Each structure stands twice: as C-alpha cells, then as structure tokens.
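Here are my notes for you, written as numbered points. Keep the model open while you read and look up each residue as it comes along.

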Amino acid sequence: VQLQASGGGLVQAGGSLRLSCVASGITFSKYDMDWYRQAPGKQRELVASIRRGIRTKNVDSVKGRFTISRDNAKNTVYLQMNSLEPEDTAVYYCHAGWGTVDYWGQGTLVTVSS
C-alpha cells in the first residue's frame, strides 16, 4: 500500500496550492480520506476529511479557504488551499481509513512566506 502525496512547496501569503495524494494497493473508494498537518513543534492535527462523499473540516482556521475532494477513478484525494497564511506552514499528510485499517502517506511540505 502506498499513499503518494505531492503538490507542496513555497508560496507567498495569499497564494494557493493544490495537494494531491494518489493511493495504490487499496480499494480506494471504500476508504475515508483525510488530510492532516503538522507544524514545527506542534502536534499533528486533522485538517479536512471526506467520508462517503461528505466533506468535513476540522480546523476552524481553514474554513472557507481549504477544500477537500476526491476522484475515485484516479484513486486520488486533493486539498485545494487558497488564501494561504504563514500559520498554514506545515508538513501535510494524507491518511486513508477503513474500519480498523489505516495508512499514512509520507507528507509534503508547505511553506507560506509572509
């Protein structure tokens, strides 16, 4: 099983990035998909989830700015991030969960400069 995240990089405040996470080795459509992030010196936090087509956001600070989506035909989950702020700087991880089974991607670094 592999979750390959990409799309991170350096962006100025106010800019946008789209993260992608391609899954292999799982029946992708069965899995709930999440994006987490971990900033330096902080705990990993759940940013957004998409479960059976229902999107949720778990961090108030990203509401109205970040959107999670998925394409089951491409085994891919996305995180569209707009109006980025320096506080969004973190390593972003995708996560797949189904029942008691879960998998993590390797993370992609997002750096937002002020």
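1. One definition first: a residue is called buried under 20% relative accessible area, exposed over 50%, and partly exposed in between (1.4 Å probe, protein chains only). With a relative accessible area of 33%, Arg 51 is partly exposed.

2. A word on where things come from. This is a predicted model, so local features need pLDDT of at least 70 and side-chain atom pairs count only at pLDDT 80 or more, while totals for chains, interfaces and linings use all residues. Residues are numbered from 1 along each chain as its sequence is written, and side-chain values use heavy atoms, with hydrogens and water left out.

3. Now the inside. A nonpolar core here is a set of buried Ala, Val, Leu, Ile, Met, Phe, Trp, Tyr and Cys residues joined through side-chain atoms within 4.5 Å. The largest one has 30 residues, and those touching the most other members are Trp 35, Phe 66, Val 77, Leu 79, Met 81 and Tyr 92. Several strands each supply at least two residues of this core, including β1 (2-6), β3 (17-24), β4 (32-38), β5 (45-51), β7 (66-71), β8 (76-81) and β9 (90-98). Strands (E, at least two residues) and helices (H or I, at least four) are DSSP runs, numbered from the N terminus. In soluble globular proteins, nonpolar side chains tend to be buried together.

4. Which two cysteines form a disulfide? They are Cys 21 and Cys 94, with their sulfur atoms 2.0 Å apart. The pair links distant parts of the chain, as Cys 21 sits in strand β3 and Cys 94 in strand β9, 73 residues apart. The rule asks for a pair of cysteine sulfur atoms within 2.5 Å, and by it the count comes to one disulfide. The link of Cys 21 and Cys 94 is right-handed, with 50° about the S-S bond. Cys 21 is buried at 0% relative accessible area, and Cys 94 is buried at 0% as well.

5. On to charged pairs. A salt bridge means a side-chain nitrogen of Lys or Arg within 4 Å of a carboxyl oxygen of Asp or Glu, and the count comes to seven. One of them joins Arg 51 to Asp 32, whose closest N and O atoms are 3.4 Å apart. Arg 51 lies in strand β5 and Asp 32 in strand β4, so this pair ties together parts that are 19 residues apart in sequence. Asp 32 counts as buried, at 14% relative accessibility.

6. Is Asp 60 buried or exposed? Asp 60 is exposed, with a relative accessible area of 61%. Its salt-bridge partner is Lys 63, the closest N and O atoms being 3.2 Å apart, and Lys 63 is partly exposed at 48%.

7. Arg 65 lies in the loop between β6 (54-57) and β7, and Glu 85 in the loop between β8 and β9, so the pair ties together parts that are 20 residues apart in sequence. Arg 65 is buried at 9%, whereas Glu 85 is partly exposed at 31%. Both belong to a network of salt bridges that links Arg 37, Glu 45, Arg 65, Glu 85 and Asp 88.

8. Last one: Thr 67, which has its place in strand β7. Thr 67 is partly exposed, at 33% relative accessible area. Thr 67 and Asp 102 are 35 residues apart in sequence and 22 Å apart in space, C-alpha to C-alpha.
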